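This report describes a helix packing and a pocket in the structure shown here.

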Amino acid sequence: MTLCASIYGYVDETGSYHFTNIKPASRHYHVVIETKDAVLVQSQAIGRPWLNDEERSGLINQSKALLGVPYKLGGNSLSGIDCSAFVKRMFSSVDVVLPRTAREQYEVGRRISRGELTTGDLVFFRTRRNDLNPTHVGIYMGNDQFIHASALHQGGVRIDSLSSDFYNARFIGASRIRALPDAGSLRVMTVSR
């Protein structure tokens, strides 16, 4: 696969300025560098690859620290958080800047099959019958489990199984945000200042 390398700049909702070589979805941005030179790409991920399995486990352990935080649509704090804000918050702890919504997060990283899932990948669901886009996102933990901020069953940050009737029927895809260690390919980079 070939890719033309471009660098975009944008300001997030906290006022922080970021650079990325993924064109920001639904966001005001400006082109910092643009080139038409094609680059050979084996996979697309954000930033450096995971250092090791311990780093990915650390992401899951940090996510588990939020178990029980209440669900709140549009929420972005420990008093109430929604699914995409939870994922964005957890990945920011490992220096990855993600877009705010599940729909935008679905466009980031490298799409993978369900059989390729490993710790730290994102899993997406269509929970609204008439919506063609993903409406829910979680972080895969391994062993068929994922952690997410759910509106179901009193809501909140919780762990569920991909094979449960509800989530299995609504699963629509997965993506790898960071390449696995030693993946050896050009990486999509996001930096902040």
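## Helix packing

Angles under 35 degrees count as roughly parallel, those over 145 as roughly antiparallel and those from 65 to 115 as roughly perpendicular, while the rest count as oblique. In this predicted model, helix H1 (residues 53-64) packs against H2 at an angle of about 130 degrees, and the two axes lie 10 Å apart. H1 and H2 are therefore oblique to each other.

The crossing formed by H1 and H2 is right-handed. On the H1 side, the contact is made by Leu 59, Gln 62 and Ser 63; H2 contributes Phe 86, Met 90 and Phe 91. Divided by class, the contact of H1 with H2 comprises 4 nonpolar and 2 polar residues, with no charged residues.

## The largest pocket

The volume of the largest pocket is about 410 Å³. Its lining consists of 22 residues, of which Tyr 71, Cys 83, Arg 128, Thr 135 and His 136 are the closest to the pocket centre.

In terms of residue class, the lining of the largest pocket has 10 nonpolar, 7 polar and 5 charged residues.

Key:
Residues numbered from 1 in each chain as written. Predicted model: local features only at pLDDT ≥ 70, side-chain atom pairs only at ≥ 80, totals over all residues. Heavy atoms only, no water. 1 Å grid on protein atoms, 1.4 Å probe; cavity = no way out; pocket = protein on both sides within 12 Å on 5 of 7 lines; lining within 4 Å. Points joined across faces, edges and corners; volume = space filled by probe spheres on them. Nonpolar A, V, L, I, M, F, W, Y, C, P; charged D, E, K, R; others polar. Axes fitted to C-alpha atoms, helices over the stretch in contact; angles between N-to-C directions. Helix = DSSP H or I, 4+ residues; strand = E, 2+ residues; numbered from the N terminus. Left-handed = near helix turned anticlockwise from the far one by under 90°. Contact = heavy atoms within 4.5 Å.
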